[in-house]
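Dear colleague,

Please find below the structure that I am handing over to you.

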Amino acid sequence: MTRGDMKNTDHPAVEKLRTGISSLDVIAKGGLPKNRTTLISGTAGSGKTVFAIQFLAAGIEQGEPGVFVTFEESAADIRKNMRSFGWDLAAWEAEGKLTFVDASPDPHIDTVEAGGFDLGALIARVDNAVKKVKAQRVSVDSLGAVFSQFSDQAMVRGELFRIASALKSMGVTAVLTAERTDDHGPVARFGVEEFIADNVMILRNALEDETRRRTIEILKFRGCDHQKGEFPFTIIPRGGVIVIPLSAMQLSMKSSNVRISSGNKDLDEMCGGGFFRDSVTLVSGATGTGKTLTVTQFLQGGAANGEKCLLLAFEESRDQLVRNATGWGFDFEKMESDGLLRVVCDYPDLSGLEDWLVTIQQIITDFNPQRVALDSLSALENVGTLKAFREFVIGLTSFIKHREITGMFTATTGSLMGGDSITESNISTLTDSIILLRYVEMFGEMKRGLTVLKMRGSGHDKAIREFTIGKGGMQMGRPFRNVTGIIGGAPMHVAPGDVERIWTQYDKEIERRRPEPRPTS
Amino acid sequence: MEGRLSKYLLTLYVTGTSPRTKIAIENLNRICKQELEGRYELEIVDVLENPQRAEDEKILATPTLIKQLPPPLRRVIGDLSDQEKVLLGLEVRPGSSKPSATI
């Protein structure tokens, strides 16, 4: 249920509060249920406190004051820790948009328990704070820490229920955090937390193949709809929690019929007139087959047309790239000084894939290019798990398509001859076009072959063409007519006789034959 | 002798007029009468009427008894039905106000 069609329903459904954390609102289908309590459970370091603060920060930024109840860290610590996310809590407090209820334990005060008690004072304080700033949002961090402050666990349980119902009667939307000991174990440590709140969300920070992978899952939303399953998220400075809602991204893709140049006239012809403007092309080949050249041509073609191009290079340094380009006769430095090219070089292992996705999205948003090339995807393949890698590619592909940017990714195949790569087999369905670059061994010589394997929505040349690399880039030659098994990685020379006779007729019609010396035997 | 005669400054934080509040006040009055007769000052704060006081003192539980004087600051939470613990918390030796009291 979205907010839009609320009016048309007979039964009043649970209203949702747009949190302002845009990506969260997507998976929560509009936001958190309004005037209800939502439990955020996660292991240590899963981002609960950041989430709890961000929930308030996003509210304050859209004019909804908030109250932060802390049982764990002191208010002073939280103010300090949250500064790196760009949230100036002290300023908001001064403006009356935020107030703390500091219930963190004070180690300097000795407390003796002498008889039955309740947490009436805490509830009175929260109520007071909510009234003081006219809060619409409350975050409580964390429920588990309440247990550790008192010896009477049964009392704490009862009181937590009372707090939850008090929050509801205050008319606020609340987020309560809770610890869990295991990413895939019970919802929360004390076994009651999930019953206290109406809704439950789980933050995970699982270790898979030596890399950390953060995910968020909405486990239950009482009485309203949400997206199911785990969604990757990342926590970045000056942004906090950013959820990557994969399914939502795929839905919003457009499709364009405008053709643009690949930067190589022959390649354009093979692709039936060029790439589509919002398409993503995968260039796959072994090392040295000409992937970086294909990318360089693609960027040159964009710049020559006055389009802004972004190159994300994970394999070679900027200097190497510039030198390569110069060797082929392309002037990257001029393109850069003209403001038509930005080269971003970095080590792929520097951060996780979720972070890369967010970083790249930010660069694209800042630079606003018409073309984006990534060389190579394979370098990112080992940064995270296969699943994370796939999500990265889906995320990036849909992001650039959504902005009608033309994309080109490269993938390195493992073996020199033929074969495919993990990258290729995992993402080939996500890309619109695939160009294969292959070595072809012929009579003791390595030749290079190129074929357009797939071109979504367009006819294309099916031949495997030989090409040479020189000044000016790729020189496309004639197809390998008398060789079979190139793509399979086992090229076999076929006696020219029969093959040649069949093709000669065909050639006359559609091929510009250029005199080429037969390989001498 | 100095310590024995020093003044006790006590504040009891309660929530409204709940049964627990009544029990706590009764217990405290009894204990004070027995042990601190004539040398204590007691203030009772209802957190529902005065939540800011609870905020300033960072009180979570009610009832909470705070001993401000003599130092050190001490807190006792609960309805004060466990007299031994209350005295322990307040650092009052039982019977100290009546040296000849029967123990």
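Which residue of chain A stands opposite B:Ile77 in S4(B)? The residue is A:Glu113, and the strands around that position are described below.

Some conventions come first. This is a predicted model, in which local features need pLDDT of at least 70 and side-chain atom pairs count only at pLDDT 80 or more, while totals for chains, interfaces and linings use all residues. Residues are numbered from 1 along each chain as its sequence is written, chains are lettered from A and ligands numbered from 1 in the order in which they are written, and side-chain values use heavy atoms, with hydrogens and water left out.

The pairing between the chains

Strand S6 of chain A (110-113) pairs with strand S4 of chain B (residues 74-77) in the parallel sense, over 4 bridges. Here helices (H or I, at least four residues) and strands (E, at least two) are DSSP runs, numbered from the N terminus, and two strands pair if DSSP finds at least two bridges between them. Besides the position of A:Glu113 opposite B:Ile77, A:Val112 has B:Val76 as its bridge partner in S4(B).

Within chain B, S4(B) is also joined by 4 bridges to strand S3 (residues 64-69), and these two strands run antiparallel. A hairpin of 4 residues connects S3(B) to S4(B), and B:Ile66 stands opposite B:Arg75 in S4(B). B:Arg74 and B:Val76 point one way from S4(B), B:Arg75 and B:Ile77 point the other way, and all are buried. Buried means under 20% relative accessible area, exposed over 50%, and partly exposed in between (1.4 Å probe, protein chains only).

The interface as a whole

In total, 26 residues of chain A are in contact with 27 residues of chain B, contact meaning heavy atoms within 4.5 Å. The area buried between chain A and chain B is about 2,200 Å², and carbon and sulfur atoms give 56% of this. Buried area is the accessible area (1.4 Å probe) that two parts lose on being put together, summed over both. On the side of chain A, the residues that lose the most area to chain B are A:Val112, A:Ala114 and A:Arg125, together 27% of what that side buries.

The rule finds 4 salt bridges across this interface, a salt bridge being a side-chain nitrogen of Lys or Arg within 4 Å of a carboxyl oxygen of Asp or Glu. B:Arg20 forms a salt bridge with A:Asp118, with the closest N and O atoms 3.2 Å apart.

Strand S5 (98-102), strand S6 (110-113) and helix H5 (120-133) of chain A are the elements that give two or more residues to the side of chain A that touches chain B. H5(A) gives the most, with 7 residues. The residues of that side divide into 13 nonpolar, 7 polar and 6 charged. In this division Ala, Val, Leu, Ile, Met, Phe, Trp, Tyr, Cys and Pro count as nonpolar, Asp, Glu, Lys and Arg as charged, and the others, Gly among them, as polar.

A buried threonine in chain B

B:Thr11 lies in strand S1 (residues 8-14) of chain B and is buried, with a relative accessible area of 3%. Its side chain makes a polar contact with the side chain of B:Gln68 (2.8 Å). Leaving aside neighbours within four places in sequence, the residues in contact with B:Thr11 include B:Glu43, B:Arg53 and B:Ile66.

Chain A

Chain A has 18 helices and 25 strands, and 56% of its 521 residues count as buried. Strand S15 (residues 280-285) of chain A has 6 of its 6 residues buried: A:Val280, A:Leu282 and A:Ser284 on one side, and A:Thr281, A:Val283 and A:Gly285 on the other.

S15(A) runs parallel to strand S19 (residues 406-412), joined by 6 bridges, and A:Leu282 has A:Phe409 as its bridge partner there. S15(A) also runs parallel to strand S20 (residues 433-442), joined by 5 bridges, with A:Ser284 opposite A:Leu436.

With kind regards

Technical notes. Polar contact = N/O pair within 3.5 Å; in protein donor to acceptor, adjacent residues only side chain to side chain.
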